[in-house]
Amino acid sequence: MSSAHADYEPTHRVDHLLIAEMVTPGSRVLDVGCGDGALLHLLTETKDVDARGVELARDKVNACVTRGLSVIQGDADIDLDDYPDQAFDYAVLSLTIQATQYPKAVLENLVRIGRHAIVSFPNFGHWRIRTDLLLYGRMPRTRNLPEPWYLSPDAHLCTIRDFYDLCETIDADVEEAVAFNSAGRRLPIKRSLSLQNLLGEKAVFRLKKAQPAR
Amino acid sequence: MTAPLKHIPEENAAAKARAHMLAPECEVLTIPDSEPLKLDGEKLLAPFSIAYKTYGQLNADKSNAILICHALTADQYVASRHPVTGKPGWWERLVGPGKPIDTDRFFIICPNILGGCMGSTGPASIDPKTGHPYGLNFPVITIGDMVNAQVRLIDHLGIDQLFAVVGGSMGGMQVLGWCSRHMERVYSAIPIATAAWHSSQNIAFHEVGRQAVMADPNWCGGNYYEKGLVPRNGLGVARMAAHITYLSEDALHEKFGRNLQNRSERTFSFDADFQVESYLRHQGSTFVDRFDANSYLYITRAMDYFDLAAEHGDVLANAFRGTQTRFCVVSFTSDWLYPTRESRDIVQALNAVAANVSFVEIDSIKGHDAFLLEEPEFAATVEGFINSCAKRRGLAR
């Protein structure tokens with residue numbers, strides 16, 4: 001492992017860096033759809049967290065475990081049901097929710113399993129996507145959505161505004177929401193949802209299951 | 001039924017195996033009459049012996065010990081030459097200096113299971129109360145009993161917590177047994193190609209094997225030892241049938257196809273015309289030279305009885321509640337004896353108690369036996385997991 005581990009120096013994704021900021025050191029984190037384990041690695045190395053992952057692609061799972069990360073082969077749409085309530089401090093879904101079959105059920109599980117859920121997703125309300133669709137009348141293809149519609153794994157795309165609505169539907173409180181522009185900079189316009197939804201290329205939300213009124 | 005197995009004169013090998021069983025070429029822990037083992041079947045067993053091999057050095061704080069649990073027909077010679085067959089250790093691919101389970105870093109303990117026939121107490125051992133071999137007077141044992149006997153060995157070695165417990169197939173059942181009954185004594189665990197309960201199909205195959213042994217007139221109701229007989233044909237057939245379950249259709253096809261054995265034409269007889277027949281007969285007859293038929297009955301029975309969920313109110317997760325152990329569950333795509341689905345059941349139960357678990361399915365056509373064979377991705381997985389656990393445990397390189 002040592003050689004593989006030492007050679008492994010990923011370029012950190014902006015949403016990963018922000019997620020790492022949101023996570024308390026030493027906490028327990030479940031990364032659903034952990035891919036090659038870049039976020040798990042980042043969290044383990046910089047935040048000393050007890051980080052676990054779930055990943056659908058077998059080759060990625062095996063590569064993660066070979067690098068010493070705790071990852072299981074599993075499907076976010078199926079296997080999250082197994083986890084007990086609040087088993088983790090944070091349940092993370094980074095750029096994965098749009099590829100799930102049942103995003104609502106997945107998000108409900110996420111806020112159930114984690115005391116907090118952190119979700120990042122590509123914003124389909126970004127101005128470039130809107131103009132592409134308006135001007136050319138075709139499904140937009142961008143850096144975040146590179147495949148043509150018939151090959152794309154992203155079955156459930158949404159906008160930042162849509163995501164707020166879903167949070168409300170499942171009784172999750174939005175604790176923090178940050179949008180990034182196409183240069184990877186955080187948008188300094190936290191208060192204006194319309195501007196976030198127009199200028200944000202990706203968004204990161206931190207959620208918590210709403211406490212029932214006493 | 002096939003033609004009888006060829007009796008290649010192997011008296012020498014069989015005698016060697018018998019001699020080793022009674023006086024093994026390895027260390028033996030003997031538990032005295034005063035400290036009996038309470039078996040799951042309520043009986044007490046004492047005295048009893050556990051024959052074991054160790055490799056590497058135990059460190060000063062005794063934190064680098066790895067217990068390797070062997071499968072049905074393996075033994076304590078995991079990483080050194082087998083004294084009866086002369087073959088290399090059964091897991092030298094994985095265990096040795098610089099290997100994924102590195103004997104330069106870790107202290108490896110591999111005991112022969114209770115009920116085995118390589119020096120640990122089993123049905124072929126002499127019952128001190130009668131002066132004769134136990135035969136069928138040996139109590140029926142369970143996987144849990146095997147584990148509890150190993151606990152005595154670990155106590156004897158003065159080890160509080162094993163750094164890792166590793167095993168495939170029935171060895172994996174023992175790993176799960178450790179992680180349930182003695183979870184606080186296991187820092188990390190690698191159950192490989194195994195299941196939390198023995199399936200109906202697996203019980204069925206075992207029953208075929210046992211019936212083959214018992215149908216052999218030389219079995220004599222289990223009292224063949226002092227008659228100088230060995231139920232060779234019965235045990236050989238049992239091994240042949242079992243061996244098929246360790247492989248896969250693809251592996252058999254790739255290895256043998258319909259190729260004929262040392263002949264260009266069919267003989268229109270019941271000779272071993274096909275390579276696959278010849279191969280199986282060879283597997284059967286060499287097995288008989290090193291393995292005790294009654295041990296085969298007892299060990300397969302222990303596997304059949306294994307059901308970790310049933311021991312915990314039919315909820316497998318309860319077997320692991322409160323565990324702090326780090327798990328790496330491994331399965332192989334073509335293993336139809338312990339299919340991935342059964343590993344997934346284990347993972348699901350571990351998730352239900354929020355245990356720290358990794359789960360890897362290795363793509364292989366080699367069937368159940370893949371865990372014993374050259375599978376680089378599997379070796380890399382074990383190495384990566386062990387190394388990351390060692391780092392967490394503060395075991396420097």
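Guide: A residue is called buried here if 20 or more other C-beta atoms lie within 10 Å of its own, exposed if 12 or fewer, and partly exposed in between, with C-beta atoms placed from the backbone. This is a predicted model, in which local features need pLDDT of at least 70 and side-chain atom pairs count only at pLDDT 80 or more, while totals for chains, interfaces and linings use all residues. Residues are numbered from 1 along each chain as its sequence is written, and chains are lettered from A and ligands numbered from 1 in the order in which they are written.

The "binding site" annotation comes from an unreviewed UniProt entry and covers B:Arg239 and B:Asp369. They span 131 residues in sequence, yet no two of their C-alpha atoms are more than 13.9 Å apart, so they gather at one spot. UniProt positions are given in the numbering used here, feature names are shortened, and annotations may be inferred rather than shown by experiment.

B:Arg239 sits in helix H5 of chain B, residues 232-246. Helices (H or I, at least four residues) and strands (E, at least two) are DSSP runs, numbered from the N terminus. B:Arg239 counts as buried because it has 24 C-beta neighbours inside 10 Å. Not counting residues up to four places away in sequence, B:Arg239 touches B:Gln283, B:Gly284 and B:Phe287; contact requires C-beta atoms, placed from the backbone, to lie within 7 Å.

B:Asp369 lies in the loop of chain B between strand E14 (356-362) and helix H10 (376-392). With 22 C-beta neighbours inside 10 Å, B:Asp369 counts as buried. Its contacts, neighbours within four places in sequence left aside, are B:Tyr246 and B:Leu247.

The domain assignment of chain B, which is automatic or from a database, gives domain 1 (22-199 + 307-392) and domain 2 (203-300). Their centres, taken over C-alpha atoms, are 26 Å apart. In chain B, 26 residues of domain 1 are in contact with 22 residues of domain 2. The domain 1 side of that contact divides into 13 nonpolar, 11 polar and 2 charged residues. Ala, Val, Leu, Ile, Met, Phe, Trp, Tyr, Cys and Pro count as nonpolar, Asp, Glu, Lys and Arg as charged, and the others, Gly among them, as polar.

The contact between the chains takes 20 residues from chain B and 18 residues from chain A. On the chain B side, helix H9 (340-352), E14 and H10 each give two or more residues, and H10(B) has the largest share, 8 residues.

Note on methods. Contact = placed C-beta atoms within 7 Å.
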